[in-house]
Amino acid sequence: MSIAASPLFQRLLARSPFSEHELIVLIATASSRYKVHYIEKRGGRGRREIAQPTKEIKFVQRLLVKYELAALPIHDAAVAYRSGLSIADHARPHALGRYLLKLDFKDFFPSIKWASLAHRLTLDSDYSSVELWILGNLLCRKSKSTGIHQLAIGAPSSPHISNYVLHEFDSNLTDFCTVRGVRYTRYADDLAFSTNTPGALDAVETEVRRLLEELDYLGLQLNEEKSVNVSRKTRRTLVGLTLSNDGHASIGREAKRQLRLAMHRAALGTLGPADVANLQGRLAFTYAVDPAFVDKLLARYGFASIASIGHTTDSPG
């Protein structure tokens, strides 16, 4: 079967502005049409590679997620990149647990190769070999150093694909945790486990390592430097949020104090454009966790919304 004759190609052609020839060329070259740049990791831990696909590739990737991949199974334990869920849905379930285990995958997106996605799609779909080739080219970036097709940080399709590829892992791990009274959620590469049973989390960490060996198609490894096992006796944080002993997740008192100070400066008009953008981002993050706090701040300092900060000269009442 030729590329153009495949049902997947015809569906993409009908939903895109490209001609048949343009779409064929786009598919054939897609895995190399990325612009690469680097950003510094937090804490001076090196640089992170960001590979941005061209706007044409992004357009097709979004089409694939919306019309081709949306129905593929994603486990409830995966809370990142899902409509209606936020970082708070990752943290809150663990606030009441006496013991907390945090694990982290190393180089998450780039570690998920096309072979991982193809393995799952072969089980869960009826795509032909030609259609799988199309999907591999459109959804994965070809590494210049290894020649292997892998997910890219910067591709709009990578988040959804990562959740789908880990469905079996999330399902098996959830079953293991449930019978042992352990709560499990995953936010992208951040895995969180909590329980009130002493010693239960040691068995969980062992099971995570065993599962990664058993499900070797995933190609994932733990980042040993970021594994944390703590109890209520110490300050517990999860993905930037503070877990309080009364069962709540928040940004913490110091972060709230800094936001109040920044809002005061914004109301006085003394924040520059970069600081305003930074403040808006911090408020948007906080809104997902504590919307009442953000609404109170906006009202106190006379702003109608987060977006209106920096666009008014009104003083707070």
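Two strands are taken to pair if DSSP finds at least two bridges between them. Helices (H or I, at least four residues) and strands (E, at least two) are DSSP runs, numbered from the N terminus. The model is predicted: local features need pLDDT of at least 70, side-chain atom pairs count only at pLDDT 80 or more, and totals for chains, interfaces and linings use all residues. Residues are numbered from 1 along each chain as its sequence is written, and side-chain values use heavy atoms, with hydrogens and water left out.

Strand S10 (residues 241-243) is joined to S11 by two bridges. The two strands run antiparallel. Thr-242 stands opposite Ser-250 in S11. Three strands make up an open sheet, ordered S9-S10-S11, with antiparallel pairing. Strand S9 (236-238) and strand S11 (249-250) are the edge strands, each pairing on one side only.

The second largest pocket draws on part of this region. A pocket is an open set of points on a 1 Å grid over the protein atoms alone, with protein on both sides within 12 Å along at least five of seven lines; a cavity is a set where a 1.4 Å probe fits but cannot get out; lining residues have an atom within 4 Å of a point. Grid points are joined across faces, edges and corners, and a volume is the space filled by probe spheres set on the points. The volume of the second largest pocket is about 170 Å³. Its lining includes Thr-242, Leu-243, Ser-250 and Arg-253. S10 and helix H11 (253-268) each supply at least two lining residues. H11 gives the largest share, three residues. The lining has three nonpolar, four polar and three charged residues. Here Ala, Val, Leu, Ile, Met, Phe, Trp, Tyr, Cys and Pro count as nonpolar, Asp, Glu, Lys and Arg as charged, and the others, Gly among them, as polar.

The structure holds one cavity of 30 Å³ or more. The largest cavity has a volume of about 40 Å³. Among its lining residues are Glu-49, Pro-110, Arg-141 and Gln-150. Five residues of this lining are nonpolar, one is polar and two are charged.

Helix H1 (residues 7-15) and helix H2 (residues 20-29) have axes that come within 10 Å and cross at roughly 115°. Axes are lines fitted to C-alpha atoms, for helices over the stretch in contact, and angles run from 0 to 180 degrees between N-to-C directions. Phe-9, Leu-12 and Leu-13 in H1 meet Glu-20, Leu-23, Ile-24 and Ile-27 in H2, where contact means heavy atoms within 4.5 Å. This contact has six nonpolar, no polar and one charged residues.
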